[in-house]
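Let us walk through this model together, from the chains down to one residue. Here are the sequence and structure to keep beside you.

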Amino acid sequence: MSVGLTAVLVVSAILFAAGAFAIIARRSAVVMLIGTQLMFVAGGVAFVAFARFGLGAVHATAGPAVALFAGAIAVGELAVGAAIAVILYRESHNFFLDAERG
Amino acid sequence: MLESDAVPLIGGLPAAITSPPIVLFIYAVLVLMVVSAVTSVMVRNTLWAIGSFASTMALLALLYLAIAPFVVFAVQLLVYTTISAGLLLGLLRRTSGLDWTADSPFNRQWLAGAAVCAALLALIGVVVAATSWPVRVSGGEVGLGDALTTTYVVGVATVVVLLAASALGLGLLLAAPTPAIPRWGGSTTSRRDLPRGGSRARGETR
């Protein structure tokens, strides 16, 4: 019994797909923001996985460093998105993003 | 020297993790992380979605504990999880409110899944308690600190500025007084209180 690159990459793909679903199919701004975060997280997991199990082990510090930077970018994007969501809510008193808003 | 042919590369790649408790731990964390991530994008209640997302980030930190340098685990758990969850909770508090809605966020069929998740979480707890920590399972721990302060120093400085700005925004969001306006609840699919009634004709959930 072992765990390697494949298992972690599969999870990374599932996280990315869940994030993409949240952005495409859901209409709540909050859930969309969560979806973007999941997509960033998925990328970071893949970088760490390749640094630990794959060819990235040649430069083992690059993968975790990219994961750290991607996480920070995600947090910054979340802050901006939260500010936009607050303005959105002030306008229409809900988080829904669709043409029915008028 | 690694070659482009796939066959020689197999012997040259780092070995997979084979220690049974660590393997169990990683698989349990992976399964729970997938479940919580899918829950966060599927559930109808915003507060539950944020809670599931926060648990996803915390489980990701546990995964990094096993396959990444310790500093990545610490930053993920203490900084990214905290600021992300805080921003989303502050957003909800500032707008629709954190009131607990009477509607159940789940279907009853989800209770069985929740029971399975609880069992996996208990397994993680048993493995963590039974394993002699610290266990050196990551291969890239040596040199990350040096790399961050030498090769990636500009990136680290940029990250610090970004995180500081995000933390400042979090503080302002949480410190802002709760607006005294009528609330429309925390549900992402509750349309009955909306001022415009056009969406009810569609009959679809969000």
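Accessible areas come from the Shrake-Rupley method with a 1.4 Å probe, and for residues only the protein chains shown count as cover.

A word on the ground rules: this is a predicted model, where local features need pLDDT of at least 70, side-chain atom pairs count only at pLDDT 80 or more, and totals for chains, interfaces and linings use all residues. Residues are numbered from 1 along each chain as its sequence is written, chains are lettered from A and ligands numbered from 1 in the order in which they are written, and side-chain values use heavy atoms, with hydrogens and water left out.

Chain A has 3 helices and 0 strands (DSSP runs numbered from the N terminus: H or I of at least four residues for helices, E of at least two for strands). The radius of gyration of chain A is 17 Å, well over the 13 Å that the globule rule gives for 102 residues, so the chain is more spread out than a compact globule. That radius is taken over C-alpha atoms, and the rule is 2.2 Å times the number of residues to the power 0.38. Along its principal axes, the C-alpha trace of chain A spans about 55 × 25 × 20 Å.

The table sets out values for both chains. Buried means under 20% relative accessible area, exposed over 50%, and partly exposed in between (1.4 Å probe, protein chains only); contact means heavy atoms within 4.5 Å.

| Chain | Buried residues | Contacts at least 6 apart in sequence that join residues at least 24 apart |
|---|---|---|
| Chain A | 59% of 102 residues | 54% |
| Chain B | 39% of 206 residues | 75% |

Chain B comes to 7 helices and 0 strands. Its accessible surface is about 10900 Å², of which 68% belongs to carbon and sulfur atoms.

Back in chain A, 20 of the 25 residues of H2(A) are buried, so this helix is largely enclosed by the rest of the structure.

Thr36(A) is found in helix H2 (residues 29-53) of chain A. At 18% relative accessibility, Thr36(A) counts as buried. Leaving aside neighbours within four places in sequence, Thr36(A) is in contact with Ile23(A) and Glu77(A).
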